[in-house]
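Welcome, and please take a moment to look over the sequence and the model below. We will then walk through them together, step by step.

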Amino acid sequence: QVQLVESGGGLVQPGGSLRLSCLASGNLLRLNAMGWYRQAPEKQRELVAIITTDGSTTYADSVKGQFTISADNAKNTVYLQMNSLKPEDTAVYYCKVVLRTRWGSFNTYWGQGTQVTVSS
């Protein structure tokens, strides 16, 4: 099993910054990728950014140039640096971990979510 603990959310004014962290623990032997999703009220959960174990990154178009994802593989931690935050970035941010099984398929695990509110 895999456990994910997110931290770093909170209330910030427009234009401010936050850094989210997600610590993964458990059986991470076949870790494939870690990432962040978000879900705003009455909207579907959407990809924010994801990073694979070889360092490849993918960002949603809406956050390119604004957010930066990084990972410390030794600490099994993924970070999301969020700059120039806007009210539309308000959402619950979820950490996601993807593991490859021995048969080539993938298992995903989700964190409990951390609230990010951008408001003056």
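Does Ser 84 count as buried, partly exposed or exposed? At 45% relative accessibility, Ser 84 counts as partly exposed; buried means under 20% relative accessible area, exposed over 50%, and partly exposed in between, with a 1.4 Å probe and protein chains only.

Before going on, a word on how to read the model. It is a predicted model, in which local features need pLDDT of at least 70 and side-chain atom pairs count only at pLDDT 80 or more, while totals for chains, interfaces and linings use all residues. Residues are numbered from 1 along each chain as its sequence is written, and side-chain values use heavy atoms, leaving out hydrogens and water.

Now for the overall picture. The protein has 11 strands and zero helices; both are DSSP runs numbered from the N terminus, with strands (E) of at least two residues and helices (H or I) of at least four. Its C-alpha atoms fill a box of roughly 50 × 25 × 25 Å along the principal axes. The radius of gyration is 14 Å, which agrees with the value near 14 Å for a compact globule of 120 residues; this radius is taken over C-alpha atoms, and the globule rule is 2.2 Å times the number of residues to the power 0.38. Buried residues make up 42% of the 120 residues.

Next, look inside. The largest nonpolar core has 31 residues, and Trp 36, Leu 80, Met 82 and Tyr 93 touch the most other members. Such a core is a set of buried Ala, Val, Leu, Ile, Met, Phe, Trp, Tyr and Cys residues joined through side-chain atoms within 4.5 Å. Strand E9 gives the largest share of this core, five residues.

Leaving aside neighbours within four places in sequence, Thr 114 is in contact (heavy atoms within 4.5 Å) with residues including Glu 6, Leu 20 and Tyr 93. Tyr 93 is 21 residues away along the chain, yet its C-alpha atom and that of Thr 114 are separated by 5.2 Å.

Which aromatic rings pair up? A search of the whole structure finds one aromatic pair. The rings of Tyr 37 and Trp 110 have centres 5.0 Å apart and planes at 75°, so the pair is edge-to-face. Rings of Phe, Tyr and Trp (its six-membered ring) pair if their centres lie within 6.5 Å; planes under 30 degrees apart count as stacked, over 60 as edge-to-face and the rest as tilted. The two partners are 73 residues apart, with Tyr 37 in strand E4 (residues 31-39) and Trp 110 in strand E10 (residues 106-110). Tyr 37 is buried at 15% relative accessible area, whereas Trp 110 is partly exposed at 36%.

Finally, we return to the loops. Most residues other than glycine have a negative phi. Ser 84, in the loop between E8 and strand E9 (91-100), has a positive phi near 50°. Asn 76, in the loop between strand E7 (67-72) and strand E8 (77-82), also has a positive phi, near 50°. Asn 76 is partly exposed, with a relative accessible area of 25%.
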